[in-house]
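Dear colleague,

Here is the structure I promised to pass on. Please open it alongside this note.

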Amino acid sequence: MMTGELKNKINSLWEIFWTGGITNPLDVVEQMTYLMFIRDLDDTDNLRAKECAMLGLPHKSIFADEVQVGERKIDGKQLKWSVFHDFPAGKMYTTVQEWVFPFIKNLHGDKTSAYAKYMDDAIFKIPTPLLLDKIVTALDGIYEQMAQMQDADARGDIYEYLLSKIATAGVNGQFRTPRHIIKMMVELMQPRPDDVICDPACGTSGFLVAAGEYLRENHKQAIFFDRVKKDHFLNHMFHGYDMDRTMLRIGAMNMMTHGVDNPFIEYRDSLSDQNPDKDKFSLILANPPFKGSLDYDTVAPDLLKVCKTKKTELLFLALFLRMLKIGGRAAVIVPDGVLFGSSTAHKAIRKELVDGNRLEAVISMPSGVFRPYAGVSTGILIFTKTGHGGTDKVWFYDMTADGLSLDDKRSPVADNDIPDIIARFHNLAAEESRQRTEKSFFVPRQEIMDNGYDLSINKYKKTEYKAVEYPSTAELMARLHELELAVTEGLAELEAML
């Protein structure tokens, strides 16, 4: 979690942009993202040099020798943040505007890559040398604070906090998934080196980045010492779609900063005919838009065959089933209404998950998880595409705490169900004996069918009532008389004193 001091530094940086004339929140986040990316390139290049030296592998720095920028060749080292941040304001501004920014725009050699595609229309908007100097100094302070925290998630938390300032939440269903929830879902699914992973509503690529980090931590040997798997990881594993070009640009930079050179991140309306993906992916991780209804004419007809509706949250579930290959797995966030909605479309998609495929788990999350951006109650569905059923029983978990307070402040607290959820999901055999009064338990498929495919945990969870003994009426009346006498005596004493 971000400390108050770090948040204050970011707010100060935001104020620097604001007073410098950049007042559109989207522009502020974009320009901040570019500068963070430039700084991260320097750090990442240094880190890779150290890793290669330790492993005895050759390393070619992106800043090595002369770098071609337009028609000019310049010393690559001048493009490093650690070098130009010491320049006088005027020289720094010229260097960043004329050399560094064109350099990062053309950084990826493949002009058809996601990075090249979305950086092509990127614009450097910082108007004056003095403003750039202040921003660079403030960013250095933020990175120093992050280094002191020694928190691997600090950068992601900063990103999340910056993006929270873009006031689109609630307008079209967009809001950011907290990093600890993303990490939990990734650890539940345990991505494999041969997976092909997709998020059809990727935003800033949070799920894809987390999946990449998991693979680096748990399958480093397989990924980096096998030429075929390394190529798959860098160029073919990660796919993301979104309808917001700014988010796609940030997502492409986010992936590249995290060591994935060529993710397939594309501008695409996932629910329309322009998304032809079918039987393609082995893992889907997503938090699709909840709000809003679509026009039937804009939705792919094969999705409407599964559930005829205008609700995006139901259509996305139908889309996930179409996009997964047989045996493909998914962990996706849905609003509570999907779990118990009584419409024909609601029941149809739940029936398809339970009868047509293998629904493995339903994790009910408390409504405060997405605060302060939204107070919606949500759940996580985990399922495998089989195309011919396979659901025998479904594991339910009633998550009541995620390590943070469930109010708008989201302060750290001791209660946290996430480690328990992960441990129990990976040892489901031990869950057989759990009772309905506990946090997790199994529900047979037949019982779910008998309840109209209702997947809300409250339908199956039992409350354990404990008998409480109260004093008899006679005892209560006697006690009241004693109190009455005491009050009367007290009043008499007070009257005597007067």
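This is a predicted model: local features need pLDDT of at least 70, side-chain atom pairs count only at pLDDT 80 or more; totals for chains, interfaces and linings use all residues.

**Helix 14 and helix 16**

Helix 14 covers residues 312–323, and helix 16 covers residues 344–356. Their axes come within 10 Å. The crossing angle is roughly 25 degrees. Angles under 35 degrees count as roughly parallel, so helix 14 runs roughly parallel to helix 16. The crossing of these two helices is left-handed.

Which residues make the contact? Helix 14 supplies L314, L317, A318 and L321. Helix 16 supplies A345, H346, I349, E352 and L353. By class, this contact of helix 14 with helix 16 holds seven nonpolar residues, one polar and one charged.

**Helix 2 and helix 6**

Helix 2 spans residues 25–55, and helix 6 spans residues 129–149. Here the axes come within 11 Å and cross at roughly 55 degrees. Helix 2 and helix 6 are therefore oblique to each other. Their crossing is right-handed.

On the helix 2 side, the contact residues are L35, M36, R39, D40 and D43. They meet L132, I135, L139, D140 and Y143 of helix 6. How do the residues of this contact divide by class, and what is the charged count? Six are nonpolar, none is polar and four are charged.

To set the pairs side by side: helix 14 and helix 16 cross with left-handed geometry, while helix 2 passes helix 6 in a right-handed crossing.

Best wishes

Key:
Residues are numbered from 1 along each chain as its sequence is written. Side-chain values use heavy atoms; hydrogens and water are left out. Axes are lines fitted to C-alpha atoms, for helices over the stretch in contact, and angles run from 0 to 180 degrees between N-to-C directions. Helices (H or I, at least four residues) and strands (E, at least two) are DSSP runs, numbered from the N terminus. Angles under 35 degrees count as roughly parallel, over 145 as roughly antiparallel, 65 to 115 as roughly perpendicular and the rest as oblique. A crossing is left-handed if the near helix is turned anticlockwise from the far one by less than a right angle, and right-handed if clockwise. Contact means heavy atoms within 4.5 Å. Ala, Val, Leu, Ile, Met, Phe, Trp, Tyr, Cys and Pro count as nonpolar, Asp, Glu, Lys and Arg as charged, and the others, Gly among them, as polar.
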